[in-house]
Amino acid sequence: MKTQDEQLVWVQAVSYEDLAVNTGKTIRYQGEEVALFKMKSGKLLAIQNRCPHKEGVLAEGIVCDDHVFCPMHDRKIHLPSGLVQAPDTGCVRTYTTKVLDGSVYIGFPTEEEMAS
């Protein structure tokens, strides 16, 4: 059985120090677009960069606590889970992150994992 690290392709995204607090950063990898956020606590959260409602760019949204507000229609998305807050519906994919030697890495599912 593979560990979580073996099920992901780890892509170096950006220097941790270059990320502004509560401000999104767009990261692109093989056709996928991720919104990366550095929270006040220093924790990193990464989600799919497009709102499920009207495809708003979530990296451009306003962050409040553990949520980002879509800049197009103000949908509130919970960053840790990717769920849109009720009464609206929908969700976005979340991504695992890690920091090694000052660099932020985002874990993308392998093609094998995406197929299952």
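Strand β4 (residues 44-48) is joined to β8 by two bridges, and these strands run antiparallel; strands are DSSP runs of E with at least two residues, numbered from the N terminus, and two strands pair if DSSP finds at least two bridges between them. Within this pairing, Ile47 stands opposite Thr94 in β8. The model is a predicted one, in which local features need pLDDT of at least 70 and side-chain atom pairs count only at pLDDT 80 or more, whereas totals for chains, interfaces and linings use all residues. Residues are numbered from 1 along each chain as its sequence is written, and side-chain values use heavy atoms, with hydrogens and water left out.

The β4-β8 pairing belongs to an open sheet of six strands, ordered β1-β9-β8-β4-β3-β2, with antiparallel pairing. Because β1 (8-15) and β2 (25-29) stand at the edges with a single partner strand each, one side of each is left without a neighbour in the sheet. On average, neighbouring strands of this sheet are turned by 30 degrees against each other, direction ignored; the axes are lines fitted to C-alpha atoms, and angles run from 0 to 180 degrees between N-to-C directions. Strands β1 and β9 (residues 103-109) run antiparallel and are joined by seven bridges; Val9 stands opposite Phe108 in β9. Five bridges pair β8 with β9 in the antiparallel sense, and Leu100 has Ser103 in β9 as its bridge partner. The two strands β8 and β9 form a hairpin with two residues between them, and Asp101 in the turn has a positive phi of about 50 degrees.

Phe108 also takes part in the aromatic contacts. A search of the whole structure finds two aromatic pairs, where rings of Phe, Tyr and Trp (its six-membered ring) pair if their centres lie within 6.5 Å, and planes under 30 degrees apart count as stacked, over 60 as edge-to-face and the rest as tilted. The rings of Tyr29 and Phe108 have centres 4.7 Å apart and planes at 40 degrees, so this pair is tilted. Tyr29 in strand β2 and Phe108 in strand β9 are 79 residues apart, and the pair thus links distant parts of the chain. The pair of Tyr95 and Phe108 is likewise tilted, with 5.3 Å centre to centre and 55 degrees between the planes. Since Tyr95 lies in strand β8 and Phe108 in strand β9, the pair ties together parts that are 13 residues apart in sequence. Tyr29, Tyr95 and Phe108 form one aromatic cluster. Tyr29 is partly exposed, with a relative accessible area of 22%, whereas Phe108 counts as buried at 1%; buried means under 20% relative accessible area, exposed over 50%, and partly exposed in between (1.4 Å probe, protein chains only). Tyr95 is buried as well.

The largest nonpolar core has 16 residues, of which Phe37, Ile47, Leu58, Val68, Ile77 and Leu79 touch the most other members; a nonpolar core is a set of buried Ala, Val, Leu, Ile, Met, Phe, Trp, Tyr and Cys residues joined through side-chain atoms within 4.5 Å. Strands β3 (32-38) and β4 each supply at least two residues of this core. Apart from it lies another core of 13 residues, including Tyr16, Ile27, Ala46 and Val104. Not counting residues up to four places away in sequence, the contacts of Leu58 (heavy atoms within 4.5 Å) include Ile47, Cys51, Val68, Cys70 and Ile77.

Zero disulfides are found in a search of the whole structure, a disulfide being a pair of cysteine sulfur atoms within 2.5 Å. Cys70 is in no disulfide, and the nearest cysteine sulfur, that of Cys51, is 3.9 Å away. Cys70 counts as buried at 4% relative accessibility, whereas Cys64 is partly exposed at 38%.

Several backbone features fall in loops. A cis peptide bond with omega of about 15 degrees joins Ala86 and Pro87, and Pro87 is placed in the loop between β7 and β8. Gln85 lies in the loop between β7 (76-78) and β8 (94-100), and its C-alpha atom is separated by 9.2 Å from that of His67, 18 residues apart along the chain. Gln85 is partly exposed, with a relative accessible area of 37%. Asn22, in the loop between β1 and β2, has a positive phi near 60 degrees. Glu55, in the loop between β4 and β5 (62-64), has a positive phi of about 65 degrees although it is not a glycine. Both residues count as partly exposed, Asn22 at 23% relative accessibility and Glu55 at 48%.

Notes:
Helix = DSSP H or I, 4+ residues; strand = E, 2+ residues; numbered from the N terminus.
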